[in-house]
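Reader: Could you take me through this model, beginning with the ligand site and then the sheets?

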Amino acid sequence: MDFSSLSTRLLRLLDPERAHGVAVWALARGFGPRQSGVDDPVLATRLWDMVFPNPVGLAAGFDKNAAAYRGALRLGFGFVEIGTVTPKPQPGNPRPRVFRLTEDAAVINRNGFNSLGLDIAAARLAARGGGIVGANIGRNKDSADAVKDYAAGATQLAPLSDYLVINVSSPNTPGLRELQGRAALADLIAAVRSAATRACNGAARPVLVKIAPDLTDGDRRDIAALALECDLDGLIISNTTVARPAGLKSSFRDQSGGLSGAPLFTPSTELLRDMYRKTEGRVPLVGVGGVADGAGAYAKIRAGASLVQLYTALIFEGSGLIPRIKLELAALLKNDGFVSVADAVGVDHR
Ligand SMILES: Cc1cc2nc3c(=O)[nH]c(=O)nc-3n(C[C@H](O)[C@H](O)[C@H](O)COP(=O)(O)O)c2cc1C
């Protein structure tokens, strides 16, 4: 057994939140494995004037406080998204709040934006080296002015990150998902963009919106229309779901919170496909939800994703997953005659 699968097994003996803490601690101190060699050139992806060495990123929620992004990049991810960061520190919901649904290769979490706040995340990002790092921003639970919170996040983190994500889709902060409504979202995007541009001395930072898989068709149409109207830099599809698909086996299935992992793969990929169609392929999409192998990443790319992300599969499979996904994805692309990821984006629609 290699080091990665051994440490994954040991971590699974701990409760999920403690295991996560140990993993972040180890990566932050450089104990994690290092990817050897460079990525296959077929995986290189150009987007927003940046070149991603591969399109497989670490999703938000693992490195909430920007403690371990360097170690995560060393595991072989093409990019890492830190956060969600709230302006002020806040503890989140009482524990236990993360549950492993082992039989379902899934997790339910109701963390509620536990965050050390912007000052700590900013200080840690200020010491950044290479690699692409996005910053996912949110609002405090007790905030009376959500727009101000997101603008504060943009002001502090835009100069220190490569792209910003407006997270309006976590199910665990009351009222948050209402910000996905058209008028509220339009205001929010405008405020974040102007704060980011001001903080970057006039240079624009890509601004993305992360959406929930539980949107109605009307919500989806509104968001697609808005994304086109304001030339949004991208949508991240999707966050966790409050739905509980039939067939979940674990005794934790009725815990409240957002479900991620294998059961989210199909609904999040179908939402991605639908949003690609509704935005006519003109808005870059990041596909996330249940990716656990090269075939899953490839399916999201074919459905319209320019980049993909994952989190839950890492909990069950450990970091050996990352080189494996990249090898499988490169082989699938080449098998179908593609010379780059970009060539395969959205091919299911053609
Ligand atoms: C424990 C946990 C915490 C998460 N925290 C965040 C978060 O703070 N912000 C966010 O945008 N998404 C968060 N997510 C959602 C993930 O970024 C991702 O969208 C979702 O889990 C689906 O991907 P996956 O099936 O590969 O995990 C979290 C997910 C998990 C499992």
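Predicted model: local features only at pLDDT ≥ 70, side-chain atom pairs only at ≥ 80, totals over all residues.

Reader: Which residues come nearest to the ligand?

Author: Ala60, Thr84, Lys210, Gly290 and Thr312 come nearest, out of 24 residues around the ligand. A residue belongs to that group if one of its heavy atoms lies within 4 Å of the molecule.

Reader: How far is the side chain of Lys210 from an oxygen atom of the ligand?

Author: An N or O atom in the Lys210 side chain is 2.8 Å from a ligand oxygen. Asn167 places a polar side-chain atom 3.1 Å from an oxygen atom of the ligand, and Tyr311 has a backbone N or O atom 2.9 Å from one. A polar contact is a pair of N or O atoms within 3.5 Å.

Reader: How much of the ligand does the protein bury?

Author: The protein buries 98% of the 600 Å² that the ligand exposes when taken alone. Those areas come from the Shrake-Rupley method with a 1.4 Å probe.

Reader: Which elements give two or more residues to the shell?

Author: They are strand S4 (79–85), strand S6 (106–109) and strand S11 (258–261). Strands are DSSP runs of E with at least two residues, helices are runs of H or I with at least four, and both are numbered from the N terminus.

Reader: Turning to the sheets, what order do the strands of the barrel follow?

Author: The barrel closes with 8 strands in the order S3-S4-S7-S8-S9-S10-S12-S13, and the pairing is parallel. Two strands pair if DSSP finds at least two bridges between them. From one strand to the next, the twist averages 25 degrees; axes are lines fitted to C-alpha atoms, and angles run from 0 to 180 degrees between N-to-C directions. Strands S9 (residues 207–211) and S10 (residues 234–237) run parallel and are joined by 4 bridges. Lys210 has Ile236 in S10 as its bridge partner.

Reader: And the open sheet, which strands form it?

Author: Its 3 strands are ordered S5-S6-S11, with antiparallel pairing. Strand S5 (98–101) and S11 stand at the edges with a single partner strand each, so one side of each is left without a neighbour in the sheet. Between S5 and S6 there are 4 bridges, and Arg100 stands opposite Val107 in S6.

Reader: Where are the cis peptide bonds?

Author: One joins Gly83 and Thr84, with omega about 10 degrees, and Thr84 is in strand S4. Another joins Ile237 and Ser238, with omega about 15 degrees; Ser238 is in the loop between S10 and S11.

Technical notes:
Residues numbered from 1 in each chain as written. Heavy atoms only, no water. Polar contact = N/O pair within 3.5 Å; in protein donor to acceptor, adjacent residues only side chain to side chain.
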